[in-house]
Amino acid sequence: MKRVVVTGVGVMAPGSLEKNIFWSNISSGKTSTGPVTMLNCKDLRIQIAGEIKEFTNKTYIENKNGIDTSFLERSQRLSIAALNMAISDSKIKVEDEKNIALAIGTTMGKNSNRPNHDIDFESAENILSQKENFNISMLQDLAPSSIMTTLCKYFSLKNSQTRMFLNACAAGNYSIGWGFDKIKNNESTLALVGGVDSLSLPALMGFNRLLSLTPNLCRPFDKNRKGLIVSEGAAFLVLEELDRALARNAYIYGEIKGYGLGVDAFHITSPSPDATGAIKSINEALKNSGLDPEDIDYISAHGTGTSVNDKIESKALLSVFKNKVPPVSSIKSMIGHSLGAAAAIEAIACLLMIQNNVAVPTANFEIFDEDCPVDCIPNVARNMKINNIISNAFAFGGNNSCLVISRLKGGKN
Amino acid sequence: MQNCAIFSAYYYLDNQQLTYKGIPKFIDKTNMSISPLPFSDFDKLSIILNNINTRMIDLQSLSLQAAVSQASKDEFYNTIDKSDISVVAGSFSAALYPICEFILSAKEKGVNFVNATQFTNTVGNAAASRLCIWNQFKNRVSSICNGINSGLDAIISTCDDINYKNSSITFACATEEIGAAAFLIAKDNILQDKAKPLAYIKNYESKYVGTENIGTYLQNLANHFNLDLAKTDFYLSGSSDLLNDTFKNKNCNIKIGINKEALSLTPMINIGNALFEYENNNKNDCIIISVNNIGFVSVIQLVR
């Protein structure tokens with residue numbers, strides 16, 4: 001079995017257009033969410049989101065391989081920008097690669113491209129009116145897989161194995177796990193893996209209706225937490241086989257040691273009260289990595305800030321780690337919940353924590369909650385040696401995932 | 001690589017539950033293609049699935065459950081611990097239609113009064129997740145999307161997971177508004193004492209080759225998979241005329257010609273026909289291939 005390391009990262013999140021600003025923001029506890037400006041949601045009960053306001057085509061992506069990026073939808077553009085950064089960071093020429101594995105996760109797929117950012121009733125009516133005589137080209141253009149198609153064409157990734165995951169808020173970890181398996185089992189030497197979601201009106205409406213949104217700040221694990229903040233983002237990691245990375249003298253951020261998946265089979269929106277799926281995913285990730293609970297130094301929580309999620313996640317952590325739960329924090333307190341991009345963004349945050357020997361805080365924390373008896377690193381980052389991290393991502397439908405990220409032993413980080 | 005065996009194949013097509021034995025009636029014998037399929041009817045699904053609350057649930061979730069629920073009629077299936085079963089579900093249209101319905105409901109009711117269940121339908125993992133909830137499958141669940149190749153890729157992902165030892169029994173599925181298909185695929189020695197495999201998956205591959213390289217890929221397929229063309233049946237699906245041309249020029253035995261009307265279900269219907277023919281003493285290997293016109297190719301090789 002091959003070992004899998006990370007040799008490049010690219011991240012776009014609210015308030016952060018590249019990894020250094022991202023690190024500066026999350027390590028200082030800066031909250032980058034606020035009133036929605038990019039979409040017209042004036043009638044919505046809650047109008048708070050995380051937006052990447054500074055992102056424009058001109059600065060971050062150019063036309064390439066016959067693709068005019070001005071015609072692309074925002075998720076496509078964000079994913080091109082993030083993947084471009086990751087590839088540049090790794091110093092790999094992807095055009096020269098023979099067998100790349102490319103995976104991307106998303107929750108909402110493509111969103112409306114309307115210039116006035118209104119709800120696109122007209123397109124919805126058009127699509128539904130044609131449903132008895134559907135048009136394959138139209139489906140091909142509107143389905144989420146068109147994001148993958150765009151990436152393959154834009155980066156000219158010929159002969160690549162590809163996979164697009166729609167496992168909602170866990171999709172980023174699914175994507176990383178798939179790439180990890182491809183390299184570990186010697187079916188690829190290089191994997192480009194990540195996630196994307198642009199700010200989505202249907203997502204805002206849906207979470208609003210589920211009463212899952214906070215009206216102000218996201219406060220994971222706080223007694224007075226009111227809910228999550230929908231946001232947008234894109235992130236990609238370059239995974240590489242260890243020996244190959246060492247041979248080309250690549251900078252190594254860390255090692256992906258393993259991952260685990262688990263299913264609640266309980267409810268389409270609520271986690272299982274006994275946390276069985278979450279516990280299974282964490283235990284499987286530890287087993288897959290050859291690590292014990294006491295080897296873990298820090299936990300990157302799913303930590304959405306909803307009453308139920310944080311309570312059940314705490315329960316899962318107590319079940320696995322008993323009375324020795326390592327420090328836990330949630331960057332969703334600062335950048336919101338970017339859905340299909342969240343897990344990939346959080347994986348990059350974990351790698352940067354290993355680099356800097358700093359655990360980032362849970363921002364906006366005020367009052368301890370006995371239902372969440374964990375050390376959530378309130379408000380201020382903590383200097384600490386971090387060798388092994390677990391990063392949780394739990395999704396709609398009880399799709400649970402856990403990734404193990406480690407400092408490369410004997411490596412350069 | 002003959003690790004993976006297909007033990008059963010269940011469908012919900014044209015508002016009917018059926019197994020691979022019923023697939024030949026969906027093949028237009030005149031031009032050896034698949035007949036067009038209508039959207040599934042919600043009321044008929046609600047009657048079939050009378051033991052679950054179908055209110056506001058999307059057609060993909062219900063169609064998939066209608067296909068899989070037939071498994072309980074198979075004796076061997078009832079001996080399997082359901083919590084060991086994984087699900088991989090592919091869809092071409094993914095949640096496109098539910099998203100449109102959800103958006104229009106906001107126009108009708110107002111943005112603060114949309115239906116919560118209708119929102120869950122807009123998430124691409126809804127069908128696979130509901131399948132797990134309704135049947136208590138608790139191992140792994142993946143939802144994937146790769147155009148017309150999505151169904152075949154669900155099978156390929158399943159084979160990967162079995163070969164990587166991530167799971168040993170999986171429903172590999174395709175689901176669309178026009179119906180669903182689900183194959184119970186298992187590591188070859190897991191169910192052998194309980195059931196006889198219908199076919200083995202000998203080889204498989206899924207990749208992006210680029211539009212301009214599809215022809216070359218197809219030309220090299222026989223060598224790549226080490227095929228004896230005289231003993232191989234070809235089932236073609238997708239949206240490239242290159243498929244028909246390539247294999248006709250090689251004098252291959254084309255069982256079903258190029259077809260795309262059933263979206264990601266097209267290759268799954270092709271496999272059903274192949275399984276039916278195996279049961280009727282066909283001894284040839286079968287190549288099930290799906291190509292889209294933007295450069296993605298997925299192939300599996302079935303053996304008896």
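Which residues in α2(B) meet which residues in α5(B)? In this predicted model, local features need pLDDT of at least 70, side-chain atom pairs count only at pLDDT 80 or more, and totals for chains, interfaces and linings use all residues. Residues are numbered from 1 along each chain as its sequence is written, while chains are lettered from A and ligands numbered from 1 in the order in which they are written.

On the α2(B) side, B:Gln60, B:Ser61, B:Leu64, B:Gln65 and B:Val68 meet B:Ala126, B:Ala127, B:Arg130, B:Leu131, B:Trp134 and B:Asn135 of α5(B) (contact: C-beta atoms, placed from the backbone, within 7 Å). By class, this contact has 6 nonpolar, 4 polar and 1 charged residues (nonpolar: Ala, Val, Leu, Ile, Met, Phe, Trp, Tyr, Cys and Pro; charged: Asp, Glu, Lys and Arg; polar: the others, Gly among them). The axes of α2 (residues 59-68) and α5 (residues 126-135) of chain B come within 8 Å and cross at roughly 45 degrees (axes are lines fitted to C-alpha atoms, for helices over the stretch in contact, and angles run from 0 to 180 degrees between N-to-C directions; helices are DSSP runs of H or I, at least four residues, numbered from the N terminus).

Turning to chain A, helix α13 (residues 342-356) has 15 residues and reaches 21 Å from its first C-alpha to its last, close to the 21 Å expected at 1.5 Å a residue (expected span: 1.5 Å times one less than the number of residues). After α13(A) comes A:Asn357, with a positive phi near 50 degrees.

Between the chains, the contact takes 56 residues from chain A and 55 residues from chain B. The side of chain A that touches chain B has 28 nonpolar, 18 polar and 10 charged residues.

Terms used:
Helices (H or I, at least four residues) and strands (E, at least two) are DSSP runs, numbered from the N terminus. Two residues are in contact if their C-beta atoms, placed from the backbone, lie within 7 Å.
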